[in-house]
Amino acid sequence: MKNFRIVSSLVLLIVFSFCNAQKNAIVAHRGAWKKNNLPENSIASLRHAIDLKLPGSEFDVWRTADDSLVINHDAHYNKLLIEETNYADLIKFKLSNGEKLPTLHEYISEGKRNNKKTLLVCEIKPSEISKERGQKTGVAAVETIKKLKADKNTCYISFDYDILKAIRKVDTKTSLQYLEGNKSPKEVKADNINGVDYHYSVFQKHPEWIQEAKDNKVILNAWTVNEAADMDWLIEHKFNYITTNEPELLSERLKIKK
């Protein structure tokens with residue numbers, strides 16, 4: 001039994017930690033929601049991404065006024081600013097499928113269940129209140145995910161570079177990807193950031209960054225890629241990850257391009 005646990009741990013490490021070894025891996029943006037009209041960032045959209053055995057599923061984290069970590073894309077939920085609202089007041093309003101607004105704890109717990117293939121791509125949203133608050137939210141998210149023993153199958157992304165640097169201070173091994181698109185792969189590597197996860201148009205303007213990332217073993221990810229022509233361009237350039245609202249379409253393009 002002990003040997004089995006060791007082997008299982010090694011398998012998880014290989015599957016989730018060496019994400020830069022993948023090619024054209026699909027990341028469902030806010031879960032796999034669009035085809036089945038599920039709420040974005042819901043437990044249902046996460047579960048569907050896992051059931052599809054997608055390589056990755058992205059979600060967004062905010063911290064409420066009473067320090068609950070919740071999953072939502074926008075700064076506001078039902079016209080309430082999340083960072084200035086208590087969690088009990090937010091969950092008075094249901095998602096379109098009847099779910100309540102999920103906490104990070106609930107989301108990650110579901111993300112671990114019957115999941116052997118899907119990387120959890122955790123976006124820490126920059127704070128609307130202060131830079132420092134955003135950094136504390138990032139560190140709090142890492143602590144929660146570690147307590148749930150999901151750190152091996154989670155990576156972190158953010159538009160706020162200082163949030164990523166704050167996470168790196170408390171976790172020297174986790175995978176970090178920068179979203180803003182204003183730094184070269186060499187620059188992020190110098191700050192011990194593992195990847196560049198930029199809008200695909202950034203790479204079209206800076207095609208030299210693609211080879212620079214590969215030469216420096218920096219993960220290449222692109223968002224949010226929903227048109228077949230853009231998918232084909234990224235597939236041809238062998239990106240590690242492609243983040244999309246259309247995982248089914250991307251899967252079809254990958255089959256055609258094989």
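At what angle do H4 and helix H5 (residues 131-147) pack, and how far apart are their axes? The angle is about 45°, with the axes 10 Å apart; axes here are lines fitted to C-alpha atoms over the stretch in contact, and angles run from 0 to 180 degrees between N-to-C directions. On the H4 side, Leu104, His105 and Ile108 make the contact (heavy atoms within 4.5 Å), and they meet Ala141, Thr144 and Ile145 of H5.

A quick word on the source: this is a predicted model, where local features need pLDDT of at least 70, side-chain atom pairs count only at pLDDT 80 or more, and totals for chains, interfaces and linings use all residues. Residues are numbered from 1 along each chain as its sequence is written, and side-chain values use heavy atoms, leaving out hydrogens and water.

Now look at H4 (residues 104-112) from H2: their axes come within 10 Å and cross at roughly 20°. H2 and H4 are therefore roughly parallel to each other.

Finally, find Asn41 in the loop between strand E1 (25-28) and helix H2 (43-51). Asn41 is buried, at a relative accessible area of 3% (buried means under 20%, with a 1.4 Å probe and protein chains only). Among the residues Asn41 touches are Arg30, Ile71, Pro102 and Tyr107.

Technical notes:
Helices (H or I, at least four residues) and strands (E, at least two) are DSSP runs, numbered from the N terminus. Buried means under 20% relative accessible area, exposed over 50%, partly exposed in between (1.4 Å probe, protein chains only). Angles under 35 degrees count as roughly parallel, over 145 as roughly antiparallel, 65 to 115 as roughly perpendicular and the rest as oblique. Lists of a residue's contacts leave out its neighbours within four places in sequence.
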